[in-house]
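This report describes one protein model for a reader who is new to structural work.

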Amino acid sequence: MSREHRAAEEQLCPYDAVQAAEALCGPVVLEPVTDRRGSAVWRAVGPNGAVAVKAGEGDGALVTAREGEVADRLGLLGTHGVSDGVAWLVTPWFDGPSTREVFAPVRAGDSDRAAVRVAAVDLCRAVADLHARGWVHADLQPEHAIHTKDGVRLIDLSWAWRPGFEPSEMFRGGIPHLLAPELAAAVVAGVRPAAPSPAAEVYTLAGVLWTCITGRWPLDYERAGLLPRELGAAGVREAIATGGIPLDADRPWPELQQLLEGALLAPAGERPTAAELAGQISDV
């Protein structure tokens with residue numbers, strides 16, 4: 001990155017956040033990662049290591065500030081604050097592929113899937129560990145788990161909650177395509193704040209793994225005569241709430257997808273727990 005590019009990026013990142021990053025890493029170079037919905041993320045790299053820096057303004061400030069509070073309550077390493085109305089967060093940078101990246105060989109047709117199966121189990125166990133502490137992540141996505149040499153690390157915890165720590169009024173269930181029908185119905189009915197259960201999160205977990213296997217969302221909108229782009233997020237939630245959209249028929253990994261199908265089609269009270277799903281996948 002050029003010196004001019006570095007300076008431009010630092011102008012967008014709060015000074016206090018850069019100082020916090022440099023206290024951990026020494027002088028840093030900021031590498032842009034994402035910038036959407038009022039929140040930007042950088043990888044800050046210095047001679048003593050790397051950290052993730054997130055900054056949010058407007059609605060993004062509320063979301064980023066909440067993630068900082070979640071990190072405190074979970075006892076995660078990092079620091080956070082607010083500077084001139086911009087909320088910021090500095091956390092460890094985790095090196096490793098996302099779940100979507102881990103499953104790339106499956107989508108490419110590779111028949112050797114032993115390591116991918118282990119990664120799927122590791123993801124389920126990471127979610128199970130979070131549930132055992134009384135928390136739900138509330139926004140599991142294929143990119144929100146990093147498979148490091150020390151295990152799976154869940155990231156983007158802005159919407160995470162537990163009883164006694166109310167979910168945000170801004171929460172709409174996470175990414176619509178991975179939303180459990182009962183949670184979609186609650187959001188559509190205007191329940192605020194919407195509170196995702198561990199069972200709803202297991203549906204999302206199964207949906208994440210299904211998406212990583214096939215490269216597509218688990219529900220077959222076309223067979224249901226629906227066009228998600230025309231429906232928008234609200235329309236997709238309404239359609240999912242009906243429970244009438246069939247699963248995608250593509251089965252590149254039928255043994256694993258049969259287990260995921262059970263989690264995706266079962267009523268909330270009959271779904272496996274994340275730990276049980278981990279055990280089932282271990283036996284595939």
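The mean pLDDT (the predictor's confidence in each residue, from 0 to 100) of the protein is 93, and 96% of the residues score at least 70. Residues are numbered from 1 along each chain as its sequence is written. The model is predicted, so local features need pLDDT of at least 70, side-chain atom pairs count only at pLDDT 80 or more, and totals for chains, interfaces and linings use all residues, while side-chain values use heavy atoms, without hydrogens and water. Over residues 1-11 the pLDDT stays under 50. For this stretch the model has 16 contacts (heavy atoms within 4.5 Å) beyond four places in sequence.

Cysteine pairing is the next topic. A disulfide is a covalent bond between the sulfur atoms of two cysteines. With the criterion of a pair of cysteine sulfur atoms within 2.5 Å, the count is zero disulfides. Cys-25 has its closest cysteine sulfur in Cys-13, and the distance is too far for a bond. Cys-212 is likewise in no disulfide, the nearest cysteine sulfur being that of Cys-124.
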